[in-house]
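Reader: I've got a structure open and I'd like to learn how to read it, feature by feature. Can you walk me through it?

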Amino acid sequence: MNVGLLQLPAAFGLAGATGLNATLPLFIVSLLARLGLIHLAPPYDALETDIAFWGLLVLALVEFAIDKVPALDSVGHAVMLPVAATAGAILFASQTGTVTSMDPGLSVIVSLPGGGAISGTVHLTRSAVRPVANLALLGPPMSLLEDASSAALTLAAALVPIVVPFLLALLVLAAVLLWERRRATRPPVPSRR
């Protein structure tokens with residue numbers, strides 16, 4: 001199998017994962033690179049440095065904690081939108097192989113429409129759904145589900161990219177089923193007479 005074909009699902013998977021949690025995928029990629037499980041080409045190998053690793057760990061823990069507190073999570077989502085889009089662009093660019101054919105700085109700029117748009121769209125969708133979930137007291141459990149999905153998607157994209165399309169399909173199917181279940185269990189709206 002052509003290894004280059006696996007870069008595309010990995011790029012989309014990593015960008016989508018950053019939409020669910022902006023810093024966790026960067027931290028996981030940093031950890032996997034430090035463990036020698038994946039190889040990052042320059043300039044993305046900067047994620048392997050001590051400063052990047054420990055900084056990303058702190059940011060991931062802060063984002064994790066803030067996202068579990070209703071109302072604070074909405075503020076966090078607003079603040080993290082540019083971070084998520086940037087993280088999505090960086091991880092997307094790290095997988096598409098554009099670094100070999102153009103300046104590394106330019107590759108990140110070119111990846112903004114791809115990775116940044118994917119990550120931003122996922123992030124905005126989750127930001128729109130979260131206030132409704134918070135009203136139903138489902139914000140913290142939904143946040144944990146997002147974190148777990150982000151971690152699973154990141155690990156799959158980095159280690160076994162061929163399963164990413166299947167994971168994405170499962171995530172979409174689960175979201176649709178949850179939405180349909182929610183609609184089916186809603187009490188009918190009384191009519192005004």
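Author: Buried means under 20% relative accessible area, exposed means over 50%, and partly exposed is in between (1.4 Å probe, protein chains only). Before going on, note that this is a predicted model: local features need pLDDT of at least 70, side-chain atom pairs count only at pLDDT 80 or more, and totals for chains, interfaces and linings use all residues. Residues are numbered from 1 along each chain as its sequence is written, and side-chain values use heavy atoms, with hydrogens and water left out.

Reader: How many residues of α2 are buried, out of how many?

Author: Nine of eleven, so α2 is mostly covered. For the chain, buried residues make up 38% of the 193 residues.

Reader: What share of the contacts in the chain joins residues at least 24 apart?

Author: Counting contacts between residues at least 6 apart in sequence, 69% join residues at least 24 apart.

Reader: How do I read a pair of aromatic rings?

Author: You describe such a pair by the distance of the centres and the angle of the planes. Rings of Phe, Tyr and Trp (its six-membered ring) pair if their centres lie within 6.5 Å; planes under 30 degrees apart are stacked, over 60 edge-to-face, and the rest tilted. This rule gives three aromatic pairs here. In one of them, the rings of Phe27 and Phe53 have centres 5.2 Å apart and planes at 35°, so this pair is tilted. The pair links distant parts of the chain, 26 residues apart: Phe27 is in helix α2 (residues 24–34) and Phe53 in helix α3 (residues 50–66).

Reader: Are Phe27 and Phe53 buried or exposed?

Author: Phe27 counts as buried at 13% relative accessibility, and Phe53 counts as buried at 8%. Phe53 also pairs with Trp54, edge-to-face, at 4.9 Å centre to centre and 85° between the planes. Phe27, Phe53 and Trp54 form one aromatic cluster.

Reader: What should I look for in the backbone?

Author: Most residues other than glycine have a negative phi, and most peptide bonds are trans. Now look at Ala71: it is not a glycine, yet its phi is positive, about 80°. Ala71 lies in the loop between α3 and α4 (72–96) and is exposed, with a relative accessible area of 55%. Gly36, which follows α2, also has a positive phi, near 80°.

Reader: Which residues are joined by a cis peptide bond?

Author: Pro42 and Pro43, with omega about 5°. Pro43 is in the loop between α2 and α3.

Reader: And how do I read a pocket?

Author: Picture a 1 Å grid over the protein atoms alone: a pocket is an open set of points where a 1.4 Å probe fits, with protein on both sides within 12 Å along at least five of seven lines, and lining residues have an atom within 4 Å of a point. The largest pocket is lined by 28 residues, of which Val129, Met142, Ala174, Ala175 and Leu178 lie nearest its centre. The elements giving two or more residues to this lining are α1 (3–20), α5 (104–135), α6 (139–159) and α7 (164–185).

Reader: Which element gives the most to the lining of the largest pocket?

Author: That's α7, with eleven residues.

Definitions and conventions: Contact means heavy atoms within 4.5 Å. Helices (H or I, at least four residues) and strands (E, at least two) are DSSP runs, numbered from the N terminus.
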